[in-house]
Amino acid sequence: MRFHFKTSYDHDIRLFPDWWTFFVYGALLAVMVALPFLMDSFFLSEVTNVMIWAVAGLGLMLLTGTTGQVSLGHSAFMALGCYLCANLMFAGLPFLIAFPLAGILTGLIGALIAVPVLRLHGVYLAIATLALAIITEDLIVILRQWTGGVNGMFAPDIMIFGTEVNRWVNPEYWYYMTLAIVVIVTLIYVNLLRSPLGRAFAAVRDSEVSAQAMGIDVSRTKTIAFGLSCGITGLGGALMGFFAGAFNNETFTFLLAIQLLMMIVVGGMGFIHGAFLGAIVIAFLPQGLSIVTDNVRVLNIPGLEFGAFGAILIFFIIFEPMGLYGRWLKIRTWFELFPFARRDMFRRQKSYLKTERVR
Amino acid sequence: MSLLELKNVTLKFGGVTAVNDLTMSVEEGQVFALVGPNGAGKSTVFNMISRFYTPVSGSITFDGEDLLQRKPDRVPQLGIARTFQNIELFERATVLQNLLVGRHRHRRTTMLEEMFFVGRSWNEERAHRHAVEEVIEFLDLQAYRDKYIMGLPYGVRKVVELARALASKPRLLLLDEPASGLSVEETQDMRWWIDDIRRQMGITVLMVEHDMGLVGKVSDRVLALDGGKKLAEGTAAEVQKDPKVIQAYLGTGAISKTASAGGERV
Amino acid sequence: MEFLQLLLSGLANGCVYGLIALGFVLIYKATEAVNFAQGDFMMLGAFVMIGLVNSHFLGINFWIAVPLALLIMGALGYLLDITLLRSLFGQNQVAIVILTISLGFVIRFFAGAIWGHEPLNLQSPLALGDVRIGGAVISLADLAVIIVTVLLTISLWQFFQRTKLGLAMQASSQNQMAAYYMGIPVKRVQGAVWALSAILACIAGILYASKGAVDVSAGFIGIKAFAAAVIGGFGSLPGALIGGLIVGVIEPFAGRYLPSGYSQLAPYVILILVLIFRPHGLFAQVRTKKV
């Protein structure tokens, strides 16, 4: 068991509470930086894919995990980010400006949409956002002069400081670009969590009444959370589209939004680590399944991927609602406290349901 | 001028008059207690001051400011903090984080500063933390600092809620049944704390409480409510002797006093 | 003339939406959860029926197969409740939303694995013949859909108003603990509700399959049924039916009078507008929540 000897408030405020965590995350970053020298380009692009999912997942995590608002419509904002970025680049902006600008614009549009939508609670919010995702699918077809409609559009070439970043020519550049974006987004997320705004998000999630009594403007806070979330997810969407090389209305269906939500549930709702663990699962599940079906012919059924994903999710919701990261926390606590860990330390509190309904 | 003034306040839920033409004023530095049987409208008064409810008529002013012009989240800005009858803490956060939320009204950093943790962020966080640590020390919460609310026992939650309200450095503290559900020793602690809050911190306290023992010991002024109407006002001893109060308590209150643990909802 | 034709076809579609919406409302009324898999229940009901009736599957007589299919789906609904949903008893709604969405994925997978991904037609005695009303033509199947739906809604409504079980369902939704203290077996009631809504979904599925071909993604019309339920104000049975009819009727008219591409947006745009401007539906009397 490790002890933290804290001698100043800064120990709690800074990014890494002690040298050990600093070392662990430093080592992780070092491995990530060294990865292109250790792996072939196929595997490297798989890891890039994981990180892209993680960016989009972090966006949704901020809204659903941290602020407690469910969205089944984040595919709409992935599409928005992607098409905005592409169109800004077609308008002549370099990628380094177009990409963050696309994120900011997506965030602003998201915040605008949030104002009426976030007055809804729980299930109603889920339904409204789901409708938003479906409308977006059709809008992509309708607005074909900007989106290319059903035929889709090819992602413009990414040039950074005169060097082309191309998935096929130099995958390691793509990898480093994504890594940098992931690190920046994660830092922003962590910074928010140790600031008043991030705590306001959590306050809104846990009790709106007492958040108000502490001086938090609930609807404003939710709107900001929605905007930030959309912006980050928009960046993820742009990366996803550009990584695929071409995209159309089929790229950003509402199923993508549902996958994104499922991903953060499997990873661990409310934890930054959860977005990454979930991304690993969602990116490697198809590969894992194809290995299984190659060996076991009986299982070679179309639609297996979604079926398996649904089954995994049911398993998690029932047996491990805190997701993979929650499971890790439990294992770690068990070892740290050994042999004093109790079974019910993490037990969910069950309560009878009281209606929140008006009638 | 009184710190908090309610003038001829009336509130109706549909056909029911929850608070009827209530006038009261709390002076700076007082401990003011609202007593009365269940359903007397005590918590409703609190909810009007925190602006969750809007009275149909009358006025509420705090230090000369019209409270009725404010949304609920603009009330704490004036220096009003409160606790809830059925504890409303942020369950999936630590005690420390809960108390830091209490500092929200002192937030000066902008979203951009916070996103990149630059500018004032560091110094502001240190200042918030310093203020919170004072409250932690005052209420003896050191052992629970990094614990999640989810696993805490009831008595500790009650103290954490008080701590969160104090962390905002209020001028007026609204305590909704601070001793309900507490053991005898915990109630004793609460009594000393309320005394100290008034004496050391100079905070005015308005509280709703059923435990007349506690009320008698800490409060300067007591107001008895029944059916939304003022029955009596004065010192604890005066109010307890008032025949109307005795009748209200023996008539309907005798039963509701035992049932009060269940409580009304906030 | 054309107006009448559009109206009739819209009504028949709307009834199917209404039936699925009834399933949502039923579960919402009784357990305050929303079953995102209701559309997939409908699809599964249709395929169970096809599996029983169609000649290259089991080839059972249609009228014998109907109660069989209802029984199978009812049992399935009950089983799902006792195995999966009951373990989330008292958990927040989001968990149930995610659970039911995943359930939909699993159901779609199994249906695809058993009956394939090609569209199939139900060999239904309803699928023959048309009726002429005024100048418009309505198929026998559409007419049957409308009649069955109206009868079903009325009887369900009566069920909730009059019968003991119906009242128990309402009571346990409003306050599980209080209902439990009053001697209502809350968990069993919840099981009954899931069984009932699966049966409703099965009826909707049979009717839907009588109208035309079904494939495994047919469950996605559940999203349109959401629009219906929301328009009707989620807690109201007649509201769900009327909401379904509104969505069903708007569709053909939007298809006729709006430029192509825009018409399929109509139900979702209406859904969002209703949620924003009348969040408790068109027919609800709104009161603010007590804090």
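**Reading cysteines and an interface**

Me: In this predicted model, how far is the sulfur of A:C85 from the closest cysteine sulfur, and which residue holds that sulfur?

Reply: The sulfur of A:C85 lies 7.3 Å from that of A:C82, its closest cysteine sulfur, which is too far for a bond. The general idea is that a disulfide joins the sulfur atoms of two cysteines covalently, and the cut-off applied here is 2.5 Å.

Me: Turning to the interface, how much area do chain C and chain A bury between them?

Reply: One reads such an interface through its area and its contacts. The two chains bury about 5,100 Å² between them, 74% of it on carbon and sulfur atoms, and C:I98, C:F105 and C:F109 supply 13% of the area that chain C buries against chain A, more than any other three residues. In contact terms, 56 residues of chain C meet 51 residues of chain A.

Me: How many salt bridges and polar contacts link chain C and chain A?

Reply: The count of salt bridges between them is zero, and one residue pair is in polar contact across the interface. On the side of chain C that touches chain A, α4(C) gives the largest share, 13 residues, and the residues of that side divide into 35 nonpolar, 17 polar and four charged.

Methods. Residues are numbered from 1 along each chain as its sequence is written. Chains are lettered from A and ligands numbered from 1 in the order in which they are written. This is a predicted model: local features need pLDDT of at least 70, side-chain atom pairs count only at pLDDT 80 or more; totals for chains, interfaces and linings use all residues. Side-chain values use heavy atoms; hydrogens and water are left out. Contact means heavy atoms within 4.5 Å. Buried area is the accessible area (1.4 Å probe) that two parts lose on being put together, summed over both. A salt bridge is a side-chain nitrogen of Lys or Arg within 4 Å of a carboxyl oxygen of Asp or Glu. A polar contact is a pair of N or O atoms within 3.5 Å; within protein, one must be able to donate a hydrogen and the other to accept it, and residues adjacent in sequence count only if both atoms are side-chain atoms. Helices (H or I, at least four residues) and strands (E, at least two) are DSSP runs, numbered from the N terminus. Ala, Val, Leu, Ile, Met, Phe, Trp, Tyr, Cys and Pro count as nonpolar, Asp, Glu, Lys and Arg as charged, and the others, Gly among them, as polar.
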